[in-house]
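User: I am new to this structure and would like to learn how to read its features one at a time. Could you take me through them slowly?

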Amino acid sequence: MKFTHIAGVLATLTSSTGVLAQQQTNNQTGPFLLKLTSTNETLNGNYLGACHAGAAIEALCLIGKNISTINRSAATFFWNYTIYDGQPSESGSLVWTLQLSGGIMNVSEPLSVSYNPGTNVAVPMLTPGGVAQQVGFNGSTLYVPGYPDDSNFKYGEYPTNLSTTQLTNWHACWLFAGSYYYNALAWVTSGAPHNPTCQADEAPEQDEAPEQNEAEEDEDEEDQEEA
Ligand SMILES: *[C@@H]1O[C@H](CO)[C@@H](O)[C@H](O)[C@H]1NC(C)=O
Ligand SMILES: *[C@@H]1O[C@H](CO)[C@@H](O)[C@H](O)[C@H]1NC(C)=O
Ligand SMILES: *[C@@H]1O[C@H](CO)[C@@H](O)[C@H](O)[C@H]1NC(C)=O
Ligand SMILES: *[C@@H]1O[C@H](CO)[C@@H](O)[C@H](O)[C@H]1NC(C)=O
Ligand SMILES: *[C@@H]1O[C@H](CO)[C@@H](O)[C@H](O)[C@H]1NC(C)=O
Ligand SMILES: *[C@@H]1O[C@H](CO)[C@@H](O)[C@H](O)[C@H]1NC(C)=O
Ligand SMILES: *[C@@H]1O[C@H](CO)[C@@H](O)[C@H](O)[C@H]1NC(C)=O
Ligand SMILES: *[C@@H]1O[C@H](CO)[C@@H](O)[C@H](O)[C@H]1NC(C)=O
């Protein structure tokens, strides 16, 4: 009978949806801070923090090296990932929480990358509903999973090596984030940066964020990095 057939299909759809929901779950690590390491001492040790670039849009600015004076709410990040069939994903999204009106409403913003056709210097931005750039951590080092390296492609030959690499093309550059001119984290797609102010960085390192859920709880802050 048609009806029973449809009912059977519906039952199958419903149960497979149930199975999917069971297999994939979301999880999060954090809070943590992100610290730049660089061979350039001026930049080395700077923390990254969200800096205003438009309505609910932020870039990742260099906000100083002293953990006890940086703006912790700007500098606190999380990493969202999925667990599928018990296996955690290697990459996920870096997220930051925008607090509106002092926390009356919180917006979770993933890191996405804003490209400009005139330069190879792209700008990592935090935007609500942005298409998250997949990122992962190798140990504490932030990387972007890279797709097959097209510098090895051969004319008319389908590439055989489709493996991914961990790209760490991070730089600190003076750049435009919206209409703001900032010294901020940049992503250089490939080659030497088009923007001469860019300084090569090692990848940002995940730095443990001391527990600090209450805004006024400042007492333990200074002990974190002094040892
Ligand atoms: C989710 O993340 C927490 C904190 O990192 C961890 O303790 C927990 O084991 C994770 N859950 C799963 C199912 O992996
Ligand atoms: C280090 O970075 C600073 C700030 O961007 C820059 O002014 C300086 O020229 C850099 N030093 C070197 C050796 O590149
Ligand atoms: C960091 O800031 C604190 C508080 O202002 C200050 O006491 C300390 O000397 C600073 N540390 C460094 C290395 O500048
Ligand atoms: C700290 O950063 C948050 C988030 O960017 C911002 O709303 C707040 O105004 C900043 N606080 C100070 C004192 O700059
Ligand atoms: C927003 O986040 C802040 C800091 O974590 C928290 O104190 C506040 O309760 C949150 N607000 C809501 C509506 O969840
Ligand atoms: C990140 O994960 C948290 C906890 O699961 C969730 O509340 C938040 O909406 C997620 N953010 C994004 C941008 O997916
Ligand atoms: C992770 O980082 C280590 C140390 O830098 C490196 O040896 C290793 O190759 C990296 N893992 C991958 C998968 O690239
Ligand atoms: C395949 O590509 C990866 C990433 O570009 C590279 O590390 C690896 O050496 C390549 N393997 C071969 C056999 O060419």
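User: Leaving aside its neighbours within four places in sequence, which residues is Asn 183 in contact with?

Analyst: This is a predicted model, in which local features need pLDDT of at least 70 and side-chain atom pairs count only at pLDDT 80 or more, while totals for chains, interfaces and linings use all residues. Residues are numbered from 1 along each chain as its sequence is written, and chains are lettered from A and ligands numbered from 1 in the order in which they are written. Two residues are in contact if their C-beta atoms, placed from the backbone, lie within 7 Å. With neighbours within four places in sequence set aside, Asn 183 is in contact with Cys 61, Leu 62, Ala 172 and Trp 174.

User: Where is Asn 183 found, and why does it count as buried, exposed or something in between?

Analyst: Asn 183 is found in strand 13, residues 180-188, where strands (E, at least two residues) are DSSP runs numbered from the N terminus. A residue is buried if 20 or more other C-beta atoms lie within 10 Å of its own, exposed if 12 or fewer, and partly exposed in between, with C-beta atoms placed from the backbone. Asn 183 counts as partly exposed because it has 19 C-beta neighbours inside 10 Å.

User: Which strands are joined to strand 13 by bridges?

Analyst: Two strands pair if DSSP finds at least two bridges between them. Strand 12 (residues 170-177) runs antiparallel to strand 13 and is joined to it by eight bridges, with Leu 175 and Tyr 182 as one of the partnered pairs. These two strands form a hairpin with two residues between them, and Gly 178 in the turn has a positive phi of about 60°. Strand 8 (residues 121-126) is also antiparallel to strand 13, through two bridges, and there Ala 122 stands opposite Trp 187.

User: How should I read backbone angles, and which residues other than glycine have a positive phi here?

Analyst: Most residues other than glycine have a negative phi, and most peptide bonds are trans. Ala 56, although not a glycine, has a positive phi of about 60°, and it lies in the loop between strand 2 (48-54) and strand 3 (57-62). Ala 56 is partly exposed, because 14 other C-beta atoms lie within 10 Å. Asp 85 has a positive phi near 55° and lies in the loop between strand 4 (77-84) and strand 5 (87-88); with 7 other C-beta atoms within 10 Å, Asp 85 is exposed. As for peptide bonds, a cis bond joins Gly 30 and Pro 31, with omega about 5°, and Pro 31 lies in strand 1.

User: Which residues are around ligand 6, and how does its shell divide by class?

Analyst: A residue is near a molecule if its C-beta atom, placed from the backbone, lies within 6 Å of it. Around ligand 6 are Asn 26, Gln 28, Asn 80, Ser 93, Val 95, Ser 108 and Pro 110, and the elements that give two or more residues to this shell are strand 1 (24-35), strand 6 (93-100) and strand 7 (105-114). Ala, Val, Leu, Ile, Met, Phe, Trp, Tyr, Cys and Pro count as nonpolar, Asp, Glu, Lys and Arg as charged, and the others, Gly among them, as polar. By class, the shell around ligand 6 has two nonpolar, five polar and no charged residues.

How values were computed:
Helix = DSSP H or I, 4+ residues; strand = E, 2+ residues; numbered from the N terminus.
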